[in-house]
Amino acid sequence: MALIKARIRGIAKEFSCDAGQTLLDAAIAAGVNPPFSCSAGACQMCKASVDSGEVSCIEEGSQTHQAGGGNVLTCQSIMKSDEISISFLNS
Ligand code: FES
């Protein structure tokens, strides 16, 4: 189990993330009310900056989790590091 430190609407939150679980699903499961809409990589509502640590795409070898500018779509991203810091940008 890994740790996500996230800023959502300016408030710092910490929650765990299971292996293979998307960052967005971990945030939803933790009840921290992240911004999202489609959960399918289309709306960009779940976009976040990765302030430390590494993430990768849920589809191995794909880059569809990239949202430009070094940001990621949390609904399409899984953790690669044991701990990451992210900031949701649409909150
Ligand atoms: S929730 Fe729509 S792109 Fe992630």
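Which residues touch the most other members of the largest nonpolar core?

**Figure 1. Overall fold of the predicted model.** The protein has one helix and eight strands, and from the N terminus on its elements follow the order β-β-α-β-β-β-β-β-β. The radius of gyration is 11 Å, close to the 12 Å that the globule rule gives for 91 residues, so the protein is as compact as a globular protein of that length. The C-alpha trace spans about 30 × 25 × 20 Å along its principal axes. Of the 91 residues, 29% count as buried. Among contacts between residues at least 6 apart in sequence, 57% join residues at least 24 apart.

**Figure 2. The largest nonpolar core.** This core holds 19 residues, of which I4, L23, L24, C46, V55, M79 and I86 touch the most other members. Two or more residues each are given to this core by β1, α1 (23–29), β6 (71–73), β7 (77–79) and β8. Helix α1 supplies the largest share, four residues. In soluble globular proteins, nonpolar side chains tend to be buried together.

**Figure 3. Surroundings of I4.** Leaving aside residues up to four places away in sequence, I4 touches F15, C17, L23, A26, I84 and I86.

**Figure 4. The hairpin of β1 and β2.** Strand β1 (residues 2–8) runs antiparallel to β2 (residues 11–17), and seven bridges join them. R7 has A12 as its bridge partner in β2. Two residues lie between the strands of this hairpin, in which R9 takes a positive phi near 55°.

**Figure 5. Strand β8 and its pairing with β1 and β3.** Strands β1 and β8 run parallel and are joined by five bridges. In this pairing, L3 has E83 as its bridge partner in β8, and R7 stands opposite S87. Strand β3 (residues 47–52) runs antiparallel to β8, with four bridges between them; here the partner of V50 in β8 is I86.

Note on methods:
Residues numbered from 1 in each chain as written. Predicted model: local features only at pLDDT ≥ 70, side-chain atom pairs only at ≥ 80, totals over all residues. Pairing = 2+ DSSP bridges. Core = buried A, V, L, I, M, F, W, Y, C linked by C-beta atoms within 7 Å. Buried ≥ 20, exposed ≤ 12 C-beta atoms within 10 Å, placed from the backbone. Contact = placed C-beta atoms within 7 Å. Rg over C-alpha atoms; globule rule 2.2 N^0.38 Å.
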